[in-house]
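Reader: I would like to go through this model step by step. Can we start with the overall picture and then turn to the details?

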Amino acid sequence: MMAVLRRRLKLIVTVTMVNFFIFIIISRHKDKSSQHKLINLNNPFWAKLAPSPAYWNRQQQILDFQNNPVLTANSSEAPEWMNRSSAASDPCQPDLSVLTQVKDYSTLPDRFKDFLLYMRCRSYPLRVDQPAICREPPFLLLAVKSLAPHFDRRQAIRQSWGRAGVVANQTVVTIFLLGNATATDHHPDLSEMLRYESDQHSDLIQWDYRDSFFNLTLKEVLFLDWIQSRCAGARFIFKGDDDVFVNTYAILDFLKALKEPKAKDLFVGDVITNAGPHRDKKVKYFIPESMYVGAYPPYAGGGGYLFSGDIAARLHNVSRHVVLYPIDDVYTGMCLRKLGLSPEKHKGFWTFNIKEKYRSNPCVYKGLMLVHPRTPQEMIQIWSWLNSPTLNCQ
């Protein structure tokens, strides 16, 4: 019996010794091979930043670099092409560097030339303001993008879905966002009529900049500034065009039912995904390759969308880190992406209209939040349908 135990013990010791020597041999082999895989820490381990061929993308690269404390800790690390791209110190003076930095600048339509020259300017004086309009912070702020000549649209909104005051037991404030209708665009002088309108209704906000399609993004950032200084207490904000119908009752019902954190992070609308710039010059949204390359982030159609006051504050802060882009709803999508957020699609927003056979059905509008487009007369008619005591949509 003892002989058997001695043989087993000898076998265990032998196997253990063999495994030990194998382990030493493998370890030494790994040490030798790893010597050839060490990282040289004297060299940067990130790829060298190359300038984008498109002007907007390149300007965003510069802004991202400037806002990165790690990269800017040593200013000598900035690529030479970034220093060459610096524009004049006054951002509201024409940036003549675009003449040479945008390869096809001379052949672009005038709207692009104007945008590129002044895209760095974000500060314009207020011509008309309503500093006390949010003295009582509203539950819902209705902010409507309008043009100076659109008197009938604004009045129709005031008489329908944009009625300010207490609606469905909630405080609602309505404002209209205007730029300046300039003689450059052959507009007649409407200043006296606008002054009268403002005196009558006290709901116009107007900045002294050229009100054009490409400057809608400027209207967006100026509005975000205005909210923080004049109406930071607004709990929710609807922002849309002056040719949409909004079912204010449906929006208020939707908002009152929201719980935290959903209410805090709210941004809903008719969301467009997997989109990119149009390259057809005949399309209103045409963007040349010399200006922008890449896909667009998800964005809510500019006809109208709904968001929280908390999101408005975050958009205000992050917008300083996103280069102005000539399409305002895409720009807002870019800002949301910078925040790590994405707009949420809501089936009640119809920015591309509804089927014609449903357009005269009052009950269809009762279940929607927004329909685009609608004339001033249609706004008033639909509003009267929704307020009719005889409307039965069972």
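Reader: What share of the residues in the protein chain is buried?
Author: This is a predicted model. The chain has 394 residues. It holds 14 helices and 12 strands. Buried residues make up 44% of the 394.

Reader: Among contacts between residues at least 6 apart in sequence, what percentage joins residues at least 24 apart?
Author: The count covers contacts in the protein chain between residues at least 6 apart in sequence. Those joining residues at least 24 apart come to 76%.

Reader: Which residues of α12 meet α9?
Author: The crossing of α9 past α12 is right-handed. On the α9 side, the residues are Leu 216, Thr 217, Glu 220 and Val 221. The contact divides into three nonpolar, two polar and two charged residues. On the α12 side, they are Asp 328, Tyr 331 and Thr 332.

Reader: How does α11 lie to α12: roughly parallel or roughly perpendicular?
Author: The axes of α11 and α12 come within 9 Å. They cross at roughly 95 degrees. Roughly perpendicular runs from 65 to 115 degrees. Therefore α11 is roughly perpendicular to α12.

Reader: Which residues of α12 make the contact with α11?
Author: From α11 come Ile 311, Leu 315 and Val 318. By class, the contact has five nonpolar, one polar and one charged residues. From α12 come Thr 332, Cys 335, Leu 336 and Lys 338.

Reader: Is His 316 buried or exposed?
Author: His 316 sits in helix α11. Its side chain makes a polar contact with the side chain of Arg 320, at 3.5 Å. Beyond its neighbours within four places in sequence, His 316 is in contact with Leu 224, Asp 225 and Gln 228. Its relative accessibility is 10%, so His 316 counts as buried.

Reader: How is α7 oriented to α8: roughly parallel or roughly perpendicular?
Author: The axes of α7 (residues 151-158) and α8 (residues 191-201) come within 12 Å. They cross at roughly 5 degrees. Angles under 35 degrees count as roughly parallel. So α7 to α8 is roughly parallel.

Reader: What is omega of the cis peptide bond that joins His 372 and Pro 373?
Author: Pro 373 lies in the loop between β12 and α14. The bond from His 372 to Pro 373 is cis. Its omega is about -5 degrees.

Methods. Residues numbered from 1 in each chain as written. Predicted model: local features only at pLDDT ≥ 70, side-chain atom pairs only at ≥ 80, totals over all residues. Heavy atoms only, no water. Helix = DSSP H or I, 4+ residues; strand = E, 2+ residues; numbered from the N terminus. Buried < 20%, exposed > 50% of the residue type's maximum accessible area, 1.4 Å probe, protein only. Polar contact = N/O pair within 3.5 Å; in protein donor to acceptor, adjacent residues only side chain to side chain. Contact = heavy atoms within 4.5 Å. Left-handed = near helix turned anticlockwise from the far one by under 90°. Nonpolar A, V, L, I, M, F, W, Y, C, P; charged D, E, K, R; others polar. Axes fitted to C-alpha atoms, helices over the stretch in contact; angles between N-to-C directions. Parallel < 35°, antiparallel > 145°, perpendicular 65-115°, else oblique.
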